[in-house]
Amino acid sequence: MKILALIGSPRKGGNTDTLVGHILKGWTSRGHTYEKLYLYDHEICPCADCRRCKRGDCVCTINDGMQEIYPKVEAADVIIFGTPIYWYGPTGKMKLLIDRLRPFIATGRLKGKRALIVAPSEEGPKACGPLIEMLRRSFDYLGMELAGRVLAKAYEKAEVAEDQEELKRAYDLGASLGSSIG
Ligand SMILES: Cc1cc2nc3c(=O)[nH]c(=O)nc-3n(C[C@H](O)[C@H](O)[C@H](O)COP(=O)(O)O)c2cc1C
């Protein structure tokens with residue numbers, strides 16, 4: 001079984017990256033594999049609402065980094081949506097990616113996949129309501145299952161690396177999902 005970990009923070013080695021890393025440690029301890037993508041390394045253009053993905057072979061024809069990402073999303077059993085909270089929502093880069101998931105409405109190719117949310121923020125879990133609600137509804141629409149979340153309170157770069165409780169929560173989530181799946 002394979003996880004695709006999407007890192008929507010511009011800070012490599014930051015809080016999102018650190019928490020996702022611990023989920024992946026737990027996951028690989030159960031013999032599974034993963035691929036991690038830093039979204040800021042990829043060009044992701046905005047959805048143009050051309051509706052091309054609703055006709056014929058239902059593909060997105062915008063020629064950018066998403067053309068490499070689409071097959072990876074389809075091949076994954078679990079997708080981690082890792083994004084710091086920016087203004088009570090996801091980062092702009094993560095939102096660009098989510099908007100571009102539209103072809104999967106018509107193809108149904110994300111149905112049955114599991115999703116994890118990782119969202120650090122300065123204020124902690126109380127700041128995450130709007131993001132969770134937006135993602136939960138979007139996963140429902142795509143036929144995906146929200147299988148877990150890690151919402152940590154952290155502000156400075158990699159501050160969460162000192163929070164043993166959150167790191168354990170992340171590791172345990174990866175390990176328990178890895179034990180229960182396939
Ligand atoms: C543009 C911007 C907006 C932010 N908005 C919020 C916010 O609305 N609520 C909050 O608690 N933290 C907010 N933060 C703080 C980040 O969520 C926090 O520093 C997080 O730990 C960064 O994660 P990272 O290290 O993975 O990038 C914001 C940070 C930035 C740069």
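Me: Happy to start with the strands: how many bridges join β3 to β4?
Reply: This is a predicted model, in which local features need pLDDT of at least 70, side-chain atom pairs count only at pLDDT 80 or more, and totals for chains, interfaces and linings use all residues. Residues are numbered from 1 along each chain as its sequence is written. Strands (E, at least two residues) and helices (H or I, at least four) are DSSP runs numbered from the N terminus, and two strands pair if DSSP finds at least two bridges between them. β3 and β4 run parallel, and the bridges that join them number five.

Me: Which residue of β4 stands opposite Gly-82?
Reply: On its other pairing, β3 meets β1 in the parallel sense over five bridges, and there Ile-3 stands opposite Val-78. In β4, the residue opposite Gly-82 is Val-118.

Me: Which residues of β3 point the other way from Val-78, Ile-80 and Gly-82?
Reply: In a regular strand the side chains alternate between the two faces of the sheet. Five of the five residues of β3 are buried, so β3 is largely enclosed by the rest of the structure; buried means 20 or more other C-beta atoms within 10 Å of a residue's own, exposed means 12 or fewer, and partly exposed is in between, with C-beta atoms placed from the backbone. Pointing the other way are Ile-79 and Phe-81.

Me: Is Ser-179 buried or partly exposed?
Reply: Ser-179 is found in helix α6. Ser-179 has 14 C-beta neighbours inside 10 Å, so it counts as partly exposed.

Me: How many residues around the ligand are charged?
Reply: The ligand is surrounded by 18 residues, with Gly-14 and Glu-123 among the closest; near means a C-beta atom, placed from the backbone, within 6 Å. Ala, Val, Leu, Ile, Met, Phe, Trp, Tyr, Cys and Pro count as nonpolar, Asp, Glu, Lys and Arg as charged, and the others, Gly among them, as polar. Nine of the shell are nonpolar and five polar, and the charged ones number four.
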